[in-house]
Amino acid sequence: MFVEDFNEFFISDEMADNATIGTATVAGIFESQFVEVSGIEGVRPVFTCAAADVKDLAHEKTIKILDKTYKVAGRQPDGTGLMSLILERQ
């Protein structure tokens with residue numbers, strides 16, 4: 001079985017950010033994605049990281065990124081080993 005190594009994509013001193021989940025530090029890409037729902041436009045915070053790093057992270061769990069606290073509102077695996085966590089600012 002092939003397992004992708006995402007470490008070179010998530011180097012925090014280049015373009016990645018570190019998230020604190022419990023006592024663990026997880027590297028990933030933090031961004032505000034554009035969304036449109038029923039004609040209303042906005043942005044939502046999303047943290048994309050290796051799925052293996054957050055395999056036990058459930059909805060409503062707390063995650064801290066760039067000194068801000070969020071709750072996990074959704075989990076979107078992409079099928080390649082990455083996971084996008086849809087977040088809600090707390």
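The chain exposes about 6100 Å², of which carbon and sulfur atoms supply 50%; accessible areas come from the Shrake-Rupley method with a 1.4 Å probe, and for residues only the protein chains shown count as cover. The model is a predicted one, in which local features need pLDDT of at least 70 and side-chain atom pairs count only at pLDDT 80 or more, while totals for chains, interfaces and linings use all residues. Residues are numbered from 1 along each chain as its sequence is written, and side-chain values use heavy atoms, with hydrogens and water left out. Of the 90 residues of the chain, 33% count as buried, a term that means under 20% relative accessible area, with exposed meaning over 50% and partly exposed in between (1.4 Å probe, protein chains only).

The secondary structure comprises 0 helices and 6 strands. Both kinds of element are DSSP runs numbered from the N terminus, helices (H or I) having at least four residues and strands (E) at least two. Read from the N terminus, the order of elements is β-β-β-β-β-β. The strands build a closed barrel of 6 strands in the order E1-E2-E3-E6-E5-E4, with antiparallel pairing. In this sheet, neighbouring strands are turned by 50° against each other on average, direction ignored; the axes are lines fitted to C-alpha atoms, for helices over the stretch in contact, and angles run from 0 to 180 degrees between N-to-C directions. Strands of a sheet pair through backbone hydrogen bonds, either parallel or antiparallel. Here two strands pair if DSSP finds at least two bridges between them.

E1 and E2 run antiparallel and are joined by 5 bridges, and Asn18 stands opposite Ala27 in E2. The hairpin of these two strands has 2 residues between them, and Gly22 takes a positive phi near 65° there. E2 and E3 pair in the antiparallel sense over 10 bridges; Glu36 has Glu41 in E3 as its bridge partner. These strands also form a hairpin with 2 residues between them, and Ser38 in the turn has a positive phi of about 50°. E5 and E6 are antiparallel as well, paired over 7 bridges, and Pro77 stands opposite Met83 in E6.

Two loop residues deserve attention for their backbone angles. Glu60, in the loop between E3 and E4, has a phi near 75°, a positive value in a residue other than glycine. Leu66, in the loop between E4 and E5, likewise has a positive phi, near 50°, and is a residue other than glycine. Leu66 counts as exposed because its relative accessibility is 51%.

Leu87 shows how separate stretches of sequence meet. Leaving aside neighbours within four places in sequence, Leu87 is in contact (heavy atoms within 4.5 Å) with Phe30, Pro45, Phe47, Ile63, Ile65, Tyr70, Lys71, Val72 and Ala73. Across the chain, 37% of contacts between residues at least 6 apart in sequence join residues at least 24 apart.

The structure holds 1 aromatic pair. Phe30 and Tyr70 form this pair, which is tilted, with 5.5 Å centre to centre and 55° between the planes. Rings of Phe, Tyr and Trp (its six-membered ring) pair if their centres lie within 6.5 Å; planes under 30 degrees apart count as stacked, over 60 as edge-to-face and the rest as tilted. The pair links distant parts of the chain, with Phe30 in strand E2 and Tyr70 in strand E5, 40 residues apart. Both Phe30 and Tyr70 are buried.

Ser32, in strand E2, is by contrast exposed, because its relative accessibility is 51%. With neighbours within four places in sequence left aside, Ser32 is in contact with Val43, Arg44 and Pro45. Ser32 and Pro45 lie 13 residues apart in sequence and 4.5 Å apart in space, C-alpha to C-alpha.
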